[in-house]
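Student: I'd like to go through this structure with you, and I keep wondering where the labels come from. Could we take them one by one?

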Amino acid sequence: LVEQQKAYLHIPGATADGVRIEIAANIAHSIEAKPAFTSGAESVGLFRTEMLYMDRHQAPKEDELYNTFCQALEAAKGKAIIIRTFDIGGDKPVDYLNIPAENNPFLGYRAVRIYREYLTLFRTQLRAILRASAHGALKIMIPMISSMEEILWVKEELAEIKQDLRNKQIPFDEKIQLGIMLEVPSVMFIIDQCCQEIDFFSIGSNDLTQYLLAVDRDNAKVTKHYNSLNPAFLRGLDYIVKEVHRHNKWVGLCGELGAKGSVLPLLVGLGLDEISMSSPNIPATKTRLAKLNSLDCRALLDRAMQCRTSLEVEHLLAQFRLVQG
Ligand code: PEP
Ligand code: MG
């Protein structure tokens, strides 16, 4: 590590003028938790659990999942971990589930949409998360939510499992928070309703960019169009953060955008509560964050949203970096 970065490693993420932004880690296995916290993560903002289901012949059993989550909690030493329920399907196939190939997998059968059919799998995971929540600060996050129906259905399922645990006197965190990935554009227009039912949001900028701009995130032919600096996308992000905060809820961001140093001033300008990224990016991000002024960042975002092209936004960011050093 660069000497300068060590100074910020274990202090909370904040701008030079003292605006707090939690800097969190994205992980995919419990063994990644310890290095994440060593890298200065204040929490785990995204535990992509689908990796626990991939590259094997059958789904993990409840006890295996429970142990995995407990291991992650041990490394967290009281810090929070957001467990995202499995985001299988789309670009993340799992052979033993036999989900048929689709022409349009990103618009197809993935994540929360498959939970009704693979109900035992979903219930088993919720049960494991709830049981592990007795040992630390776990939160639950559901991927690919696109409607209130899905939120209400998940809540019913969760309530049933909680009741069953109570009946059997199995301990769990009664106040466990439930959140959703904000990665399907329809959710942007029902934030008020979502806020009545859930505790927090995490913006999945990878998918939100794909769905808002109608550009396949994996298609090389259209990478030119897949640009999160598109002013329309930035306006979308600004709307989301304002709307969530208007309802006094918490909103983080856990897509790849969070790890791009040049974009950090825009994310600060948005006023996000948390940014979650892969661990190796954390030291540099915390160091850069400590040099930024939140009001300058807000002014930059306002200018960026007035740009007409992504290229103009890129120039603006380069200029900002030159001036800020
Ligand atoms: C996202 O969509 O931004 C995200 C974090 O989820 P994933 O990349 O796993 O789809
Ligand atoms: Mg996603």
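Predicted model: local features only at pLDDT ≥ 70, side-chain atom pairs only at ≥ 80, totals over all residues.

Student: Which residues surround ligand 1?

Tutor: They are Leu 46, Arg 48, Asp 87, Glu 183, Gly 204, Ser 205, Asn 206, Asp 207, Cys 254 and Gly 255. A residue is near a molecule if its C-beta atom, placed from the backbone, lies within 6 Å of it. Two elements give two or more residues to this shell, strand S2 (44-48) and helix H7 (205-212). The largest share, 3 residues, comes from H7.

Student: What makes a stretch a helix or a strand?

Tutor: Both are DSSP runs, numbered from the N terminus: helices are H or I with at least four residues, strands are E with at least two.

Student: What is the average pLDDT of the protein?

Tutor: The average is 96, and 100% of the residues score at least 70. That score is the predictor's confidence in each residue, from 0 to 100. The model also has ipTM 0.99 and pTM 0.97.

Student: Why is H3 called oblique to H4?

Tutor: The axes of H3 (residues 62-76) and H4 (residues 119-132) come within 8 Å and cross at roughly 40 degrees. Angles under 35 degrees count as roughly parallel, over 145 as roughly antiparallel, 65 to 115 as roughly perpendicular and the rest as oblique. That makes H3 oblique to H4. Their contact involves residues including Leu 65 and Phe 69 of H3 and Ala 128 and Ile 129 of H4, and it divides into 8 nonpolar, 2 polar and 3 charged residues.

Student: And what angle do H8 and H11 make?

Tutor: Helix H8 (residues 231-246) and helix H11 (residues 294-306) pack at about 135 degrees, their axes 8 Å apart. These two are therefore oblique to each other. Pro 231, Leu 234, Arg 235 and Asp 238 of H8 make the contact with Leu 301, Ala 304 and Met 305 of H11.

Student: Why are H11 and H12 called roughly antiparallel?

Tutor: The axes of H11 and helix H12 (residues 310-324) cross at roughly 155 degrees and come within 9 Å. H11 and H12 are therefore roughly antiparallel to each other. In this pair, Leu 300, Arg 303 and Ala 304 of H11 meet Val 313, Leu 316 and Phe 320 of H12. The contact residues divide into 5 nonpolar, no polar and 1 charged.

Methods. Residues numbered from 1 in each chain as written. Chains lettered and ligands numbered in written order. Axes fitted to C-alpha atoms, helices over the stretch in contact; angles between N-to-C directions. Contact = placed C-beta atoms within 7 Å. Nonpolar A, V, L, I, M, F, W, Y, C, P; charged D, E, K, R; others polar.
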